[in-house]
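Please look at the sequence and the model below before reading on. The briefing that follows goes through them topic by topic.

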Amino acid sequence: MATIRKDDRLTSSQSFSCVGFAGILSKTVTSPLEVIKIKSQVGTFHCKKGFWQSFHLIYKNEGLRGFWKGNLVSCLRLFPYSAIHLAAYKKIVHLHMDEMGYVSQWRAIFAGGIAGIAAALATYPLEVAETRLIVQNCREPTYTGVLNTLGSVYRSEGLLALYRGFSLTVLGAFPFSIGCFAVYANLDKLWQEPPFRFNSLQNFINGCLAAGVAQSLSYPFDTVKRKMQAQSSHLPHLGGADVHFTGILDCFRQMIRNKGVFSLWSGFTANTVKIVPYFGLLYTCFETCKQVCLYRNGYIVSPLSYTLAPGVDQSLGPYELQEVKRYLKNRNFRSQDSFKNRW
């Protein structure tokens, strides 16, 4: 959330690679928290005794491998999701730009929400596969991999099962966007200075704060969505969900009636604990990869620091900079030839 900003000194492939690598690392390191969060949302027996006890029960029943179930499909989903989200966001923002190229903060956040829905629609089957792989016991698996999960769900439950609960993604996007806007609209009051003066630490804190507020508002929709993804009459114990339901409204009703209103925030502790390490790793890894790319492109003197290369126009794009360097090199070469011919 706003912890990664586009740098025009990177090529599109470099930006995509940096975001992808940073996303994979942060997802992999925080996978145990994601597993506990999703198991808590679905309501499996592992998470009925609290946050800390969940680690012990998962390790006891499934071993260390149990904490990284579904991580591969989550990482695979990252690339198409990011590509579609970025393309859709650029398109929507371009439509809302004024004559000066300015977009209001609210319109930018709205564009991000719509782009997120488009990316989720294209990659939703992978999210269903991730939930199924996490909920099952990896020592007695029903599914053996990403393709096997997708194929099994399609054959036994039909195509619509791969999109079960998608409408909750759409519904959850609205409170999520409102939460983001509420945070970013008040950052100048929080820091007592305009946003363009924020340093890296302030932007990181802003991203974590926005993520915490936005996710807390949209979390009930995510909880019901995970239950809908997991529940299946073709699986043992109906997929492990702690309540059985016939649809979205019935799921909300059953949860509130049997578990109480706060059950809609099951796993929220794991989700909250995950925010800081996830965004911290995402930001740090992205910046490290970015420094390497900037060094290779010739903008900085070392991949270990942001010290700018002397005499280099930082406003030039990477291809423009290469053209300038090639021109200067050829000019120097011709000057040397001319000097030699005089002698």
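**Briefing on a predicted model**

The second largest pocket of this predicted model holds about 400 Å³ of space. The protein chain contains 12 helices and zero strands. The points below start with that pocket, then take up the chain and some of its helices and loops.

**The second largest pocket**

- A total of 17 residues line the second largest pocket.
- Val 135, Gln 136, Asn 137, Pro 236 and His 237 are the lining residues that lie nearest the centre of the second largest pocket.
- By type, the lining of the second largest pocket consists of six nonpolar, eight polar and three charged residues.

**The chain as a whole**

- Read from the N terminus, the elements of the protein chain follow the order α-α-α-α-α-α-α-α-α-α-α-α.
- The C-alpha trace of the protein chain spans about 95 × 45 × 35 Å along its principal axes.
- The protein chain has 343 residues, and 47% of them are buried.
- Of the contacts in the protein chain between residues at least 6 apart in sequence, 68% join residues at least 24 apart.

**Helix H1 and Ala 22**

- Helix H1 covers residues 12–29.
- The 18 residues of H1 should span 26 Å at 1.5 Å a residue, and the C-alpha atoms at its ends are 26 Å apart, so the two values agree.
- Gln 14, Ser 15, Cys 18, Gly 20, Ala 22, Gly 23 and Ser 26 are the buried residues of H1.
- These buried residues of H1 pack against helix H4 (71–95) and H11.
- Why does Ala 22 count as buried? Ala 22 counts as buried because its relative accessibility is 0%, and the cut-off for buried is under 20%.
- Leaving aside residues up to four places away in sequence, Ala 22 touches Leu 282, Cys 285 and Phe 286.
- Ala 22 and Phe 174 are 152 residues apart along the chain, and their C-alpha atoms are separated by 27 Å.

**Helix H3**

- Helix H3 (residues 51–62) has 12 residues, and the distance from its first C-alpha to its last is 17 Å, close to the 16 Å expected at 1.5 Å a residue.
- Phe 51, Ser 54, Leu 57, Ile 58 and Glu 62 are buried in H3. They lie on the same side of H3 because they cover an arc of only 100° around the axis.
- An α-helix has 3.6 residues a turn, so residues three or four places apart point the same way.
- Trp 52 and Lys 60 are exposed on the other side of H3.
- The partners against which the buried residues of H3 pack are helix H2 (31–42) and helix H11 (268–297).

**Helix H10 and Lys 259**

- H10 has 12 residues and reaches 16 Å from its first C-alpha to its last, close to the 16 Å expected at 1.5 Å a residue.
- Asp 250, Cys 251, Phe 252, Gln 254 and Met 255 are buried in H10.
- Helix H7 (166–184) and H9 are what the buried residues of H10 pack against.
- Lys 259 belongs to helix H10.
- Which residues does Lys 259 touch, not counting residues up to four places away in sequence? They are Lys 48, Asp 242, Val 243 and Gln 254.
- The C-alpha atoms of Lys 259 and Asp 242 are separated by 9.3 Å, and the two residues are 17 apart along the chain.
- Gly 260 follows H10 and has a positive phi, near 95°.

**Positive phi in residues other than glycine**

- Gln 192 is not a glycine, although its phi is positive at about 60°.
- Gln 192 sits in the loop between helix H8 (187–191) and helix H9 (200–230). With a relative accessibility of 67%, Gln 192 counts as exposed.
- Leu 238, also a residue other than glycine, has a positive phi near 55°.
- The loop between H9 and helix H10 (248–259) holds Leu 238. At 29% relative accessibility, Leu 238 counts as partly exposed.

Methods:
Residues are numbered from 1 along each chain as its sequence is written. This is a predicted model: local features need pLDDT of at least 70, side-chain atom pairs count only at pLDDT 80 or more; totals for chains, interfaces and linings use all residues. Side-chain values use heavy atoms; hydrogens and water are left out. On a 1 Å grid over the protein atoms alone, a cavity is a set of points where a 1.4 Å probe fits but cannot get out, and a pocket is an open set with protein on both sides within 12 Å along at least five of seven lines; lining residues have an atom within 4 Å of a point. Grid points are joined across faces, edges and corners, and a volume is the space filled by probe spheres set on the points. Ala, Val, Leu, Ile, Met, Phe, Trp, Tyr, Cys and Pro count as nonpolar, Asp, Glu, Lys and Arg as charged, and the others, Gly among them, as polar. Helices (H or I, at least four residues) and strands (E, at least two) are DSSP runs, numbered from the N terminus. Buried means under 20% relative accessible area, exposed over 50%, partly exposed in between (1.4 Å probe, protein chains only). Contact means heavy atoms within 4.5 Å. The expected span of a helix is 1.5 Å times one less than its number of residues. The arc is that of the directions from the helix axis to the C-beta atoms.
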